[in-house]
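Trainee: Please take me through one part of this model in detail. I would like the contact between the two chains, and then some of the links inside one of them.

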Number of protein chains: 2
Amino acid sequence: MNLHLEPIPKIEKDLVKNIQKKLDNKTKPVGALGRIEEIAMQVALIQESLNPKLNRVCCVTIAADHDIVEEGVSCAPAEITWQQMENFSRGGGAIGLFAKTNNVDLVLVDAGINHDIDPKCNIIDAKVRKGTRNFRHEQAMTPEEFEIAFNRGRKIVKELNNKGCNTVCFGEMGIGNSTPASALLSVYTKTEPSKCVGAGGGLKPEGIEIKKQVIEDAIKLHGYPEDPLEVLRRYGGLEIAMLTGGMYEAAINRMLIIVDGYITSSAALAAYEIDNNIKDYFILSHASSEGGHKYMVEHLNLKPILNLDLRLGEGTGAVLAYPIIKTAVNMLTEMTSFEEAEVFNSSDLTRL
Amino acid sequence: MNLHLEPIPKIEKDLVKNIQKKLDNKTKPVGALGRIEEIAMQVALIQESLNPKLNRVCCVTIAADHDIVEEGVSCAPAEITWQQMENFSRGGGAIGLFAKTNNVDLVLVDAGINHDIDPKCNIIDAKVRKGTRNFRHEQAMTPEEFEIAFNRGRKIVKELNNKGCNTVCFGEMGIGNSTPASALLSVYTKTEPSKCVGAGGGLKPEGIEIKKQVIEDAIKLHGYPEDPLEVLRRYGGLEIAMLTGGMYEAAINRMLIIVDGYITSSAALAAYEIDNNIKDYFILSHASSEGGHKYMVEHLNLKPILNLDLRLGEGTGAVLAYPIIKTAVNMLTEMTSFEEAEVFNSSDLTRL
């Protein structure tokens, strides 16, 4: 592969003391807003500013198909990938509605849908191939396909950043993509496949068993490459590779990254394996009820904000978390201080 | 006491099947939106409609002072109660900012602040007494005071309902009020006081020990009355009694009740003890990091939506949960069905 990846900027902690001072001077007991304060701190450190701002928040939802569905790892017909993406582009589906309700711009991307998308639909054509290759029998992507997918993800996010976006939710759509996500989890974290597989879009136990078998066979074929990019290329999906590239570019540009559910977390995991520094740019929106998500969360050492038993993807959980993150940032920048409010600062007193 | 309480309407389950059918026909795998679907179901049942709507959402934040602070149960000076309420009324403080950020109307109420509130501030004067009586030594409220507090809570909510509000967040402000909240928890659920006390606004271990002692002494004095209203009268606070009345009236009018943190949950607990039917009107916004909250949550058998380690009150957690609840309701009413979207409904297929 020919990817030359510059290092992700490490988040410097120089401003921590000043940000903390600002937080502690807000009219509330010290620390009483818990993780709202942690989120405000994180965004301030990413933006290197005591007055961070979330500009033009986007949800980048990337779709692809997966030849691995030939193995029987999905209960839904593959046509749903393109049908849903066109549905989203008309404001339909869960993410179409959630994005509208929460004032998030939805950016839809075709990374590898096995269908000619209606050009009237507002979906970015970044198609690499009509479907990710079946990784039970061959590498999911050729080196060239992988590079194109990764770099197109970077390019899309770079353009959004150029247009003023500094906060990005990531989501995905792709019938069959919980299988590559589980494979990535298994290989990156050396967790046995049986622990990494779940019901996906509604698989019964027999289907989950097939999924496990597919991943075990694939590991026999592709092994445990040392290079995290190589793991992503052999086991991933076109949309997962593009998401990973998008996240990578987001961090390079000091954008806040709001991670959605299981599939998006597998891209976050890949990005983390490529460069650990990316972790400080992540906010994990929710704990998916898909089986292996908890292992990803543990490995990434992230704390989900929402408890909603979601297992949908598309970016829905990320978009649901956004108003909370926005409130956290507004808290840091706009909430009254003790001086402004003429409220007595009890933390100056000796505590009981 | 002279309170004549009509029963809270039981939520009938007649519509469950039709609502479920509507949910299952949305363009997503059956059940994939987890608790978002549960919330939509709950609101639809409360409103007895397949097309529920959240109208004019308010956060009713009720404040009072507590003579119990004389015992040393709080680390903050009592002046903060009035200073913060006036601050909130100018859009300041956490709840002032959170309500504005999330498009919630903030309704501030003085139930018993020990200060003459500046009449220029937009705070409803429902003051019963300048401070709740010290329940270590006497009943927290006389029968008359209690009745006035409870009924004024009802009246305020009834007026909001008359003005078109059908969804209400409840919050509170009152230095010292985690002590009555812990006492109510202890007496209603027969949980030992040591498990019910926490740091409140930032108390050190010695202060928490005093709090526990105060509650033990109070229980010796007031016992375990059978009548839940009597428990609330002897151990509660003016704002807690008013919140309980407000919640009661909200349920009578089939309004959705979004419960905030520890203190507000103690009012929800009181309302639940008065009439179990109220539980179906509650959504619990978050799991407070205040020690005893988990026992309240268990007793009420509610599941918090947010994981934010908040311990502030004011209604902040409830307001943070509102956009999620709004999204859930919009999902039921506006999200595309399979027919509308021309997406293949995979749940009609035989599952793998």
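Mentor: Buried area is the accessible area (1.4 Å probe) that two parts lose on being put together, summed over both. This is a predicted model, in which local features need pLDDT of at least 70 and side-chain atom pairs count only at pLDDT 80 or more, while totals for chains, interfaces and linings use all residues. Residues are numbered from 1 along each chain as its sequence is written, chains are lettered from A and ligands numbered from 1 in the order in which they are written, and side-chain values use heavy atoms, with hydrogens and water left out.

Now the interface. Chain B and chain A bury about 5,200 Å² between them. Carbon and sulfur atoms carry 63% of that area. On chain B, 61 residues are in contact (heavy atoms within 4.5 Å) with 61 residues of chain A. Polar contacts do cross: 25 residue pairs, both at pLDDT 80 or more. A polar contact is a pair of N or O atoms within 3.5 Å; within protein, one must be able to donate a hydrogen and the other to accept it, and residues adjacent in sequence count only if both atoms are side-chain atoms.

Which helices of chain B each supply at least two residues to the side that touches chain A? They are α2 (34-47), α3 (79-89), α4 (93-101) and α13 (316-334). Helices (H or I, at least four residues) and strands (E, at least two) are DSSP runs, numbered from the N terminus. α13(B) gives the most, with nine residues. By class, this side of chain B has 29 nonpolar, 20 polar and twelve charged residues. Here Ala, Val, Leu, Ile, Met, Phe, Trp, Tyr, Cys and Pro count as nonpolar, Asp, Glu, Lys and Arg as charged, and the others, Gly among them, as polar.

Next, salt bridges within chain B. B:Glu6 pairs with B:Arg154, with the closest N and O atoms 3.0 Å apart. B:Glu6 lies in the segment before α1 (16-24) and B:Arg154 in helix α5 (residues 143-162), so the pair ties together parts 148 residues apart in sequence. B:Arg154 is buried, at 11% relative accessible area, and B:Glu6 is partly exposed, at 33%. Buried means under 20% relative accessible area, exposed over 50%, partly exposed in between (1.4 Å probe, protein chains only). B:Asp116 and B:Lys130 also meet in a salt bridge (3.0 Å, N to O). B:Asp116 is exposed at 58%.

Conventions. Salt bridge = Lys/Arg side-chain N within 4 Å of Asp/Glu carboxyl O.
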